[in-house]
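This report describes selected side-chain features of one protein chain. Please consult the sequence and the structure shown below while reading.

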Amino acid sequence: MGAAFAWLRCGKEGVDDLEGYLRERKIISRGGGKFGADGRVVRISMLDTDEAFAIFVDRLAAMN
C-alpha cells in the first residue's frame with residue numbers, strides 16, 4: 001500500500017495560506033500550521049478513489 005498523505009509546498013509569490021488557496025480551487029487539504037509547519041505547506045490525503053485522484057491531478061494541473 002502507498003503513502004496515506006502527500007505534503008505539498010507552495011513557492012508561488014504571494015501565497016502564504018496554501019490551504020485557503022487550494023480551497024478556492026476546490027482542493028481540500030490540511031494546513032501546515034496544524035502540524036507545526038508554515039502556511040505554505042499542506043497535507044493532502046491520498047486515501048481516495050482513482051477517480052478522485054484524477055480530479056485532484058487535473059485541478060492541480062489547471063493552476064497557474
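Predicted model: local features only at pLDDT ≥ 70, side-chain atom pairs only at ≥ 80, totals over all residues.

F53, by contrast, has a relative accessibility of 41% and is classed as partly exposed.

The structure holds two aromatic pairs. F53 and F56 form one of them, a tilted pair with 6.0 Å from centre to centre and 50° between the planes. Both residues belong to helix 2 (residues 50–62), where they are three residues apart, so about one helical turn separates them.

## The pair of W7 and F35

The structure's two aromatic pairs also include that of W7 and F35, which is edge-to-face, with 5.3 Å between the centres and an angle of 85° between the planes. This pair links distant parts of the chain, the two residues being 28 residues apart. W7 lies in strand 1 (residues 5–9), while F35 lies in the loop between strand 2 (30–31) and strand 3 (41–45).

W7 has a relative accessibility of 46% and counts as partly exposed. F35 is likewise partly exposed, with a relative accessible area of 34%.

## Charged groups over rings

Two arginine side chains are placed over aromatic rings. The charged end of R25 sits over the ring of Y21, at 3.6 Å from the ring centre. The charged end of R43 sits over the ring of F5, and here too the distance to the ring centre is 3.6 Å.

## The largest nonpolar core

Which residues make up the largest nonpolar core? This core has nine residues in all: C10, V15, L18, Y21, L22, I27, V42, I44 and F56. Helix 1 (18–24) and strand 3 each supply at least two residues of this core. Helix 1 gives the most, with three residues.

Apart from neighbours within four places in sequence, V15 is in contact with C10, Y21 and R40.

## The largest pocket

The largest pocket holds about 370 Å³ of space. Its lining consists of 18 residues, and those nearest the pocket centre are I28, I44, S45, D48 and F56.

Strand 3 and helix 2 each supply at least two residues of the lining of the largest pocket. Which element gives the most to this lining? Helix 2 does, with five residues.

S29 is found in the loop between helix 1 and strand 2. Is S29 buried or exposed? At 9% relative accessibility, S29 counts as buried. Leaving aside neighbours within four places in sequence, S29 is in contact with E19, L22, V42, R43 and I44.

A3 is located in the segment before strand 1. Its relative accessible area of 58% makes A3 exposed, because exposure is set at over 50%. A3 and L60 are 57 residues apart along the chain, and 19 Å separates their C-alpha atoms.

Notes
Residues numbered from 1 in each chain as written. Heavy atoms only, no water. Phe/Tyr/Trp six-rings, centres within 6.5 Å; stacked < 30°, edge-to-face > 60°. Helix = DSSP H or I, 4+ residues; strand = E, 2+ residues; numbered from the N terminus. Buried < 20%, exposed > 50% of the residue type's maximum accessible area, 1.4 Å probe, protein only. Lys NZ or Arg CZ within 6 Å of the ring centre and 35° of its normal. Core = buried A, V, L, I, M, F, W, Y, C linked by side-chain atoms within 4.5 Å. Contact = heavy atoms within 4.5 Å. 1 Å grid on protein atoms, 1.4 Å probe; cavity = no way out; pocket = protein on both sides within 12 Å on 5 of 7 lines; lining within 4 Å. Points joined across faces, edges and corners; volume = space filled by probe spheres on them.
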